[in-house]
Amino acid sequence: MTRKIYIIIAFILNAINLFAQEYSTGDVIEKDGISYKVLVTYLVTNPKESPDAITGPDKFYQAGEIMAIKVDENLTDVVIPSAVGRFKVVGLTDSLFYRHEHNRIWLPDLVFAGNHCFSKLKVRSGALVIHGLDFLGTGVFDELAGDLIFDTPRAISWGKTFEKKNDTLVVTSRPKGAIKFNTKMLRYIKYSLVYDDCYTAQGNRFKRWVSKAFNDDEEFMKHDLTDKMSYLSKRGYTTTSRMKKRGLKINSGAVNVKLFDEKTGKVKPFEYPWGNLTQEFRRQARYTVSNKKSGTTSHYNEFIPVADATLKEGWYVKFIGDEGEVKYTLNGKLIK
Amino acid sequence: MKKILLLLASLTFFVIASADQSQRGVTFEKDGLIYTIASEYIIKKHNIGRSANDPAYLIQNEGEVYVSGVSGTKSCITIPTRVTNKSHYCRKDSAVTATYNVLGIGARAFEDAKLDKLIIPFGLLFYGEQAFHNLELKSGVLVLPPAKRMRKGMFDGVKAKVLLTNLTYSSTTPIFFDKTFDSKEEQPDIYIYHGIYSTQAEGIDKKSLCTIGKNIYNKWIAMNGEFGKDYIESNVKFRISSIHSTKDNSFNTLYSSGVYNENKIPTITIKKCKKFEKTKTDIDMIAPCEYQFWNPYTYEKGVYDEFIMNESLFRLKKGTDYKYYTLDGKPITNTESLIDNDGKDPFGLQVHTPEEVKEKRAAKEREENINRKMKDLKKVFGF
C-alpha cells in the first residue's frame, strides 16, 4: 500500500516537472499531433504557495505563450487546448488550416489568427466555432467550406479579415457558408463588412447552432475547461508577505515589441504581423516591479532569482532592462 | 312519412334562404383560395371619368373577406389585397359582382398545405390561430409581412424559414402579438432584419428570433421572383391608407347618400358596430357593419342591421322587420305591391312562398270580386 502511494506521488511529481525543462523563444513543442512554437517565456510562481513559502529560486517556474504552427492533416477531430503545460496558446500561425479537412475543430479563446489561417478549410460537421479572437489577419476565413459561428465574449478587431488580394486588386473574402453571431454581439459588428451578410440568434437557438457544429457531442464541448497545468501559474508575486511594509511586487507578462520606422524615427503603434512572428516583430517578456515602500514602478525584460548564501534570506532578485542589470534584496533594497 | 319529408324539405329551404340573406360567414373559392365573407354593403359612388350617356352614380357591392382555407388546385398562391366575386348579397340580379377587401388569414387556413410558393400582401389585419400549421413550402422561405394582430401558434410546424418583414410598420401601429411565439410544438427559425431589432419588435420574445443582414434579407425577398419585393412594396401605400382610415375610429363613415339636412335627402351612414379589440374569433376580427339612417321626410332616425338599394328604392332591416323607401326617403307602406309572383321582393328576398302569394292573390281577387259584386248590387237595388 505504502509503495503504491509512493508510486502515485512520484508520478504526480513527474507530471508537474514534465514542463520543468527550459524552453526558449522559437523552440517547438509537439503534443497530440499539433506543433507549437514558443513565443515568449517568463517566470511564474505556484498559486498555492504564499510568498513566505518561496524560499529560493527553485520555487519559480517557466511559463509563457505559444502559437500553433502545424496541425496533422490526418487528425479527424482537432482539439487545440487553451494551454500546454504552463504555456498558454495565444494564436494560430498563417495558413495553419489551409486546405485541411477535419470533422470538428475545437479552438480555445485566442488572441490572434494569422493570414489565411482557415482559408479553404473544410469542416465536415458543417461549422467552425470561434470562441474568442482579438486580432485577425487578412482573408482569414477565405472560402471556408462551412458555416462560421462566433461564440465570442467580446468585440473583435476585424482588420482585413474579410478582404484578400487578387493580383493587385483587393476583393471581398468570405466563407462559403453563413456567418453567425450571438445577438448580443450585433452592435460590435455594425460597422463591419459582415453586418449585411450575417445571421444572429440568442438563447437556445444560438446554443443549438454551436451544439450542431460539434455534432451535439457534449463530451467534445467540455474542452472549454482549460488545461489544469495553466492553473498552476501565478504571474503576480511579492518578495515579502502581505503584512510587511517593505518589499517588491513583481508582475510578469509579455508585450509586443513595436515596429520602429526609420524614416520618421517614430515608433509605429501596433503594426504587428500576427501569426508570423519573427525576431524583429516579437513578443517580449515584461516584468513590472514596484517598490512597496516608495511606490515607484520599473519595467524590466528579464527576471533572474539568484541564490546567495551570504544574505539572510538566502537569495536575491536580479532584473535586466534597457538600462542594464539591477539587483534587489527581498526587502526592496538596491544591491550595489 | 310524407309529413317528415315535407318538414325536412321545408327546413332545407329555410337554411338556404337564410344563408342567402345573411352573407356574413358565406364562403367562396377563387384562384385556389377559400374566402369567408365578413361583410358586404352597397355603395353609391360618383361615376368618375364617365362618358355622356353613362349614369352619374354607380351602385357597387363591396365588402370584406378573409382567407379561410386552400382548395389545393394551385401550388403557387398569391393572396390578393382585393378579390372580386359574384355577390352573395340578396340582390335579384345574379350577374352582380362584389369587390371584397382581403383583411386577414383565418385560423388553420393553410393547415397541412404543400405549396411551392406563398405570397402574402403587406398590411393584413390578422393572422388566425395556427394559420400556417404544418405548412410545407418548397421555396424554403415564408415571407410574412406583419399583421395588426397575430394569434397563438401561428408558426407551429411550418416547414420553411419564416422571414418577418416590414416590421417598421409597427412604429405607428403597435402589433398585437397574442402569444404568437409561445408554443409547445416545434417552431421554425423565424428571422427579422437586424436594423429593426429591439426598437420595432417590442412585443416579440426576442429569444425566439434570429436576425439577418440586409443582403440576406434582400436575397430571400427576391426569391419570390416577380412577386417579390416589388409586389410587397406596391401594396404598402394602398394598405396603409385603407387600414389607417379604419383603425383609429371604429365608427368610420364609409358611405353617405347625400349632404345631411341641406337637400332634404335621406342619409345612410355605414359604420362598424363593434370595436376591433373586443373580438375573439376570426370572423369577429372584422366587425360587422351597421347602418345609421336619418329620414328628412319622417324625421325618423335609427340604426339598422342591413341596407340595400337599387336605382329606384332602398330597403332597411332591423331584426325581422323590413322597411322600404323610395330614394327620396318616402316610405312605401304597401309592401305587398312590391312582391312578384315568386314571392320575392325587388332585392330577391323571399318574403312569401309562391303558394302563399298565389293564395293571397286569389284571396285578394275573391275580395275584389265580392266588393265589385256588392257595388253592383248597390247600384241595382239603389241602397
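**View 1. The β20–β21 pairing of chain B in the predicted model.** In this predicted model, strand β20 (residues 313-318) of chain B runs antiparallel to strand β21 (residues 321-326) of chain B, and 6 bridges join the two. Within this pairing, B:L316 stands opposite B:K323 of β21(B). Strands, here and below, are DSSP runs of E with at least two residues, helices are runs of H or I with at least four residues, and both are numbered from the N terminus; two strands are taken to pair if DSSP finds at least two bridges between them.

**View 2. The open sheet around β20 and β21 of chain B.** The strand order in this open sheet of 4 strands is β19-β20-β21-β22 (chain B), and the pairing is antiparallel. The edge strands, each of which pairs on one side only, are β19 (306-309) and β22 (331-332) of chain B. Strands of a sheet pair through backbone hydrogen bonds, in either the parallel or the antiparallel sense.

**View 3. Strand β6 of chain B and its partners.** Strand β6 (residues 97-105) of chain B is mostly covered, with 7 of its 9 residues buried, where buried means under 20% relative accessible area, computed with a 1.4 Å probe on protein chains only. Strand β3 (residues 57-70) of chain B runs parallel to β6(B) and is joined to it by 6 bridges, and B:V67 has B:I105 in β6(B) as its bridge partner. With strand β5 (residues 82-86) of chain B, β6(B) pairs in the antiparallel sense over 5 bridges, and here B:R82 stands opposite B:N101 of β6(B). Pairing between β6(B) and strand β9 (residues 126-127) of chain B is parallel and spans 2 bridges, with B:F126 in β9(B) as the bridge partner of B:G104.

View 4. Where pLDDT is low, the predicted coordinates should not be read in detail. The model scores ipTM 0.75 and pTM 0.72.

**Conventions.** Residues are numbered from 1 along each chain as its sequence is written, while chains are lettered from A and ligands numbered from 1 in the order in which they are written. Local features need pLDDT of at least 70, side-chain atom pairs count only at pLDDT 80 or more, and totals for chains, interfaces and linings use all residues, while side-chain values use heavy atoms, with hydrogens and water left out.

Technical notes:
Buried < 20%, exposed > 50% of the residue type's maximum accessible area, 1.4 Å probe, protein only.
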